[in-house]
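Subject: Structure handover, with notes

Dear colleague,

I am passing the structure on to you with this message, and my notes on it follow below. Please read them beside the coordinates.

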Amino acid sequence: MSAPSVRVLSVIPPMTQLNTPYPSTAYLTGFLRSRGVAAEQEDLALALVLRLLSPLGLDEISKAVEALPARQRSAAVQSFLAQRERYRATIAPTIAFLQGQDPTLAHRINGRHFLPEGPRFAALDVYVDDGSGDPLGWAFGALGQVDRAKHLATLYLNDLADVLRDAVDPRFEFVRYAESLAASQPTFEPLAQALAAPATLVDETLAALTLQAIERHAPTVVLLSVPFPGSVYAAFRIAQTIKLHHPQIVTVLGGGFVNTELRELAEPRVFDYFDYVTLDGGERPLLALLEHLQGQRSRQRLVRTYVRDDGTVRYVNWQEPDIAFAEVGTPTWDGLPLDKYLSLLDMLNPMHRLWSDGRWNKLTVAHGCYWKKCSFCDVSLDYISRYEGASAAVLVDRIEAIVKETGQTGFHFVDEAAPPKALKALAQELMARNSSISWWGNIRFEKSFTPEVCQLLADSGCIAVTGGLEVASDRVLQLMKKGVSVDQVARVTKAFSDAGILVHAYLMYGFPTQTVQDTVDALEYVRQLFENGCIQSGFFHRFVCTVHSPVGQHPEDYGVTLQPLPPARFARNDVGFHDPTGVDHDALGGALKKAIYNYMHGIGLEEDVRSWFPFKVPKTTVQRQRIARALQLRG
Ligand code: SF4
């Protein structure tokens, strides 16, 4: 399609991750260019943080801090005030260091006399001194100078984020911004009020950056892709600025938040900011919309698009097939400042490090999930249920094109669950082409990952996998239709670990019918998985019931009743439920998180799991050698 009169700008709104671009604009820009559309992209999340955390940005923050009455100054704010000259002098070199532009600064940062230190540095006091007088000696040893300095510099930035939150905008965080205004909010009112409120320094900075981006690219259409609730408010602020200064520009809202939470959108005020809101895979709706804007298609033939007609929201969905995954083109990062992303080192855990440190090219092996059965998952939605793959040759062509464009060989496959067959074929193709990439991604721990397959994946560059073990209990796993057993997970994770691949397990608590005994037993399994070298990392998430999941759609099958939801004109996703077991999962959750944090550092693996709970819980019913025995039956 040739579309000379349309110029599209895709924007990543704040906040998303800072170490690497969120992939949505790269996909859309690559796709649009493959169809001959003039398309550019901007990461305003990164730009906002870099502007606020600059010498001039700190001057602005100082003014806000001075305006605060003394009694309202938090510990972070007071510490900033006392050391603000040091902050101003160190911010630019520290940002350059975290961007990888000045690694030798590590020596000065590690001396602990260079960076001003605020309350976040108190975290270092919890580490046990190994006798060297160095609280980080256990983590970085004598040689990990750069990593140690990255960790200290991350604490320094976290202190500044706390100052921003306490003195400038209470909704500010590095990974999300004003999340509660959008997440599962049945009414638009809180967001509308926030958007009508006087602009904070963060809002003003974002508005200035928006106008600069518009000036640079002179787009006719701006796409705002919002992956999470924590980027919705900023997306609306960006659209508000555009409508105020450039009302002729067409604004479009889409992305993961819209696909999950705005499926019943009926709020006309959303269209004061956005002309169109599109649902699910963005390619087809976007092509239809661009044709419409060029006068080649009527409004009635838009695809999966909300519009406002005479003050009423209308959903238009002309039935047309989606663009096949094999034909969506290769994502492009062209236009994004790849040398400006920040390698942060927040938690001292190797898997968290992959998430926050380093620039990974993001790609999917397939669209959707090939399993699509887990009862807590949004299996009724397109992003899970429409499973489509591409051949290994197409994928490796994409990988080669991306390496050529970015010069970087690290890949994060951001699949919901990458299919084993496709991964195997991909590994063979990578090896046949002598590729030397590193990659990691999310999988299901299923038995087709034999030791031989795991070794093949490692040989092709796989360095880590993440996967759901959820509640480590065969009864609950069966109820949640996870399709794996604890013994199977033990064998598969051990095979990955033996091949030198780092394994992170997603764990869950609070699933319907889960008893205290189930929770204690699940923790015992997890303890044994660490003890036997099956997993090196894990995280416990609290189960959340969503309206799109089998539990939300058929609660009676899971022994729970849903709390009635208020009528929603705006967002709808999470739903409260009543579980007759009456377990206080919040109280248990604290103990689980503490235990796993320690297990990741090799601490407390000998202890009876009951010792992590601050109250009496039953003894585990799992035999102490259960996982070791399951591993002996391997093969
Ligand atoms: S939880 Fe993961 S494996 Fe299960 S259906 Fe969802 S995406 Fe697929």
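In which loop is Met15 found? Met15 sits in the loop between β1 and α1, and the peptide bond that leads from Pro14 to Met15 is cis, with omega near -5°. Please keep in mind throughout that this is a predicted model.

A second open sheet consists of six strands in the order β8-β11-β12-β13-β14-β15, and its pairing is parallel. Since β8 (361-363) and β15 stand at the edges with a single partner strand each, one side of each is left without a neighbour in the sheet. From one strand to the next, the twist in this sheet averages 20°. Inside it, strand β13 (residues 462-470) runs parallel to strand β14 (residues 502-509) and is joined to it by six bridges, with Gly467 facing Ala505 in β14 as its bridge partner.

The side chains of Arg297 and Glu320 form a salt bridge with an N to O distance of 2.9 Å. Because Arg297 lies in the loop between α13 (283-293) and β6 (305-309), while Glu320 lies in the loop between β7 (312-316) and α14 (350-356), this pair ties together parts that are 23 residues apart in sequence. Arg297 has a relative accessible area of 10% and is therefore buried, the cut-off for that class being under 20%.

Asp474 and Arg626 form another salt bridge, in which the closest N and O atoms are 3.9 Å apart; this still meets the criterion of within 4 Å. As Asp474 belongs to helix α19 (residues 474-479) and Arg626 to helix α24 (residues 626-632), the pair ties together parts that are 152 residues apart in sequence. Both ends are partly exposed, Asp474 at 32% relative accessibility and Arg626 with a relative accessible area of 24%.

In the salt bridge between Arg542 and Asp586, the closest N and O atoms are 2.5 Å apart. Here Arg542 lies in strand β15 (residues 537-542) and Asp586 in helix α23 (residues 585-600), so that parts 44 residues apart in sequence are tied together. Arg542 is partly exposed, with a relative accessible area of 34%, whereas Asp586, at 55% relative accessibility, counts as exposed.

Beyond these pairs, a network of salt bridges links Arg304, Asp322, Asp382, Arg386 and Glu388.

There is also a ligand, and the residues that surround it are Cys369, Trp371, Lys372, Lys373, Cys374, Phe376, Cys377, Val379, Ile384, Glu416, Arg444 and Lys482. This shell divides into seven nonpolar residues, no polar ones and five charged ones.

Two backbone details remain to be mentioned. Asp280, although it is not a glycine, has a positive phi of about 60°; its place is in the loop between β5 (276-278) and α13, and at 11% relative accessibility Asp280 counts as buried. Asn434 is likewise not a glycine and has a positive phi of about 55°, but Asn434 lies in the loop between α17 (420-432) and β12 (438-443) and is exposed, with a relative accessible area of 69%.

Notes:
Residues numbered from 1 in each chain as written. Predicted model: local features only at pLDDT ≥ 70, side-chain atom pairs only at ≥ 80, totals over all residues. Heavy atoms only, no water. Helix = DSSP H or I, 4+ residues; strand = E, 2+ residues; numbered from the N terminus. Buried < 20%, exposed > 50% of the residue type's maximum accessible area, 1.4 Å probe, protein only. Near = heavy atom within 4 Å. Nonpolar A, V, L, I, M, F, W, Y, C, P; charged D, E, K, R; others polar. Pairing = 2+ DSSP bridges. Axes fitted to C-alpha atoms, helices over the stretch in contact; angles between N-to-C directions.
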